[in-house]
Amino acid sequence: MTTTQGDQSNFTLDDPVSAAIRLRAPQKSGVKEHFSATDPKKEVSKNALASKILHDRKYQFLLILPNQIIFWLVIVSGIAGTVVPGLNFATAITWYVWFCIVFVLIAVIGRAWCAMCPFGGFAEWIQRRTLWKRLQGSMGLQLHYPQKLATYGLLSSAATFVLLTYIEEFFNIAGPGTPRDTSFMVIGIVTAALLSFLVFERRTFCRYLCPLSSVIGTLGAVGSAAGFRTKDRDKCLSCNTKDCMRGGEAGYGCPWYTWPGSADSNLYCGLCSECYKACPSDNVGLFAQKPLTSVVAPSRRRADISWVVAILMGLVLYQQINALSWYNTLDNWLNAHTYFPHYPNPVDYFGFIGIFALGIAGLLGLGSKLVPLKVHQSPFSKRTFLTKASSFRNWFVPGVYALIPVVATDYFARQLPKFFKHSPRLIPSIIYPFGGRANSLYNLHLLTNPEIVMVQIAVVIVGGIGSLYSAYKIANRDFEPVDSTKKTLASAYLITVTILLTVIMAGLYIPMHAAS
């Protein structure tokens, strides 16, 4: 990408790549205060071995390769293997083990899965025409993602996740159902990724379209990986080349359009290390942070993140109530009256998700009526979906950030029945094609149903404690009512809402009886 001084007037700050690489005078006023709470202190890349690994161009290739092999085996096994789900490697590893691993990675390291993802990895190898080398030029059209859609951030990813989950529920893919359906789902995701990489530039698919990006990006805020950040922000602001964004001799420009000089959370860092390799000043490092830092500390909270978290909470609550006895009666009634073939009826699926998401917005909106907060609309920013301010948003946006830990743990808890009941089947599924049998493992449950319920409730409570801590910290920093009495009232209300939602999410696991 080529830029000159003469075309500065043509860019908008909405385009992160253009904004970062234009040769404009650095604006340093208030920078230290703005980033002081979010700048991590522990640099992992200071370690000589870690630095050597991250500088190696084979680093991400070697992360992706094992998963690439596994998922091609999933495709082949699902199509050519046994139709028994518990004895098929495709269904056993995908639904009994993989989803749990992903949520553990989210909780601990944020976007760790993105660094080793076989879907984006395969498509990126084709786009770059190489497995790991630094080459000039890319295959495909290399179009910009439409600016109007980019304005809505991760909402497009959340929409694809909700739609993919509906497809999975409709065909009972994760039941698990027919192993072939699991293979077709994986093929569909790989195809969508490849087409996106050939049409759009860089990792547009990963940032905006991947179904898992909204889940990993938002819920990964609880994790301890801060991502790649600048070491000396003054040096970063004064840099005229911005190789971390443009690309340099040793590394590509950030595939995620994330400038290390302005990053204040781990939201969009895919941990690929390209900026680390490309920086000619050795001014980028991989940093660790305290858990919940990317929940509590950012001063720039985003409306798309809050709506995504509300939608994700609506989805996981739907997945909890659809395991209750009365739900089947309702779904059958709707199917009979709308002439829909079977579960899940789209009316109750999308309806419940919408009701729950809007219910959360309503609870926080009530807070904005009880304790109106000051509204600050920056005169320097355009009024877009991401930037416009209102009293409702001053409650809703930070309030939903506080719920991220409990939503993350609720998603993890929802995966536990399959793991504890069926994960031992992974070994029988591996040896079955070779004539092996392991009936004792096939029928082994790691925990009983009551024990699973206890673990699920405990996991949600841990997330609830994290959300209470986040609510307290966020309310004391982000809320700006007229006086201290109203600030206390606002904090108490947000904490009350957090407790209420935690109790609901944890309590639903009791009548679910460890349903998968």
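## Ser45 and its surroundings

A polar atom of the Ser45 side chain lies 3.0 Å from the backbone nitrogen of Leu286. This is a predicted model, in which local features need pLDDT of at least 70, side-chain atom pairs count only at pLDDT 80 or more, and totals for chains, interfaces and linings use all residues. Residues are numbered from 1 along each chain as its sequence is written, and side-chain values use heavy atoms, with hydrogens and water left out.

Ser45 sits in the loop between strand 1 and helix 3 (48-55); helices (H or I, at least four residues) and strands (E, at least two) are DSSP runs, numbered from the N terminus. With a relative accessible area of 4%, Ser45 is buried. Buried means under 20% relative accessible area, exposed over 50%, and partly exposed in between (1.4 Å probe, protein chains only). Apart from neighbours within four places in sequence, the residues in contact with Ser45 are Ala50, Ser51, Leu54, Tyr276, Gly285 and Leu286. Contact means heavy atoms within 4.5 Å.

## Salt bridges

The structure holds 11 salt bridges, each defined as a side-chain nitrogen of Lys or Arg within 4 Å of a carboxyl oxygen of Asp or Glu. One of them pairs Arg233 with Asp39, with the closest N and O atoms 2.8 Å apart. Arg233 belongs to helix 13 (residues 233-238) and Asp39 to the loop between helix 2 (31-35) and strand 1 (42-43), so this pair ties together parts that are 194 residues apart in sequence. Arg233 is buried at a relative accessible area of 10%, whereas Asp39 is partly exposed at 25%.

Lys231 and Glu43 form another salt bridge, their closest N and O atoms being 3.3 Å apart. Here the loop between strand 2 (225-230) and helix 13 supplies Lys231 and strand 1 supplies Glu43, so parts 188 residues apart in sequence are tied together. Lys231 is partly exposed, with a relative accessible area of 35%, and Glu43 is buried, with 12%.

## A salt-bridge network

Arg203 forms a salt bridge with Glu124, at 3.0 Å between the closest N and O atoms. Arg203 is in the loop between helix 10 (179-199) and helix 11 (204-209), and Glu124 is in helix 7 (residues 118-128), so the pair ties together parts that are 79 residues apart in sequence. Arg203 and Glu124 are both buried. Through shared partners, salt bridges join Arg57, Glu124, Arg128, Arg203 and Glu274 into one network.

## The two domains

The domain assignment gives domain 1 (37-295) and domain 2 (301-515); such bounds come from an automatic or database assignment. The centres of the two domains, taken over C-alpha atoms, are 23 Å apart. In domain 1, 41 residues are in contact with 50 residues of domain 2. About 3700 Å² is buried between the domains, 78% of it from carbon and sulfur atoms; buried area is the accessible area (1.4 Å probe) that two parts lose on being put together, summed over both. Tyr96, Tyr166 and Val295 lose the most area on the domain 1 side, together 17% of what that side buries.

Between domain 1 and domain 2 there are zero salt bridges. Helix 5 (89-109), helix 9 (155-170), helix 12 (213-219) and helix 16 (293-296) are the elements that give two or more residues to the side of domain 1 that touches domain 2. Helix 5 gives the most, with 10 residues.

Definitions and conventions
Polar contact = N/O pair within 3.5 Å; in protein donor to acceptor, adjacent residues only side chain to side chain.
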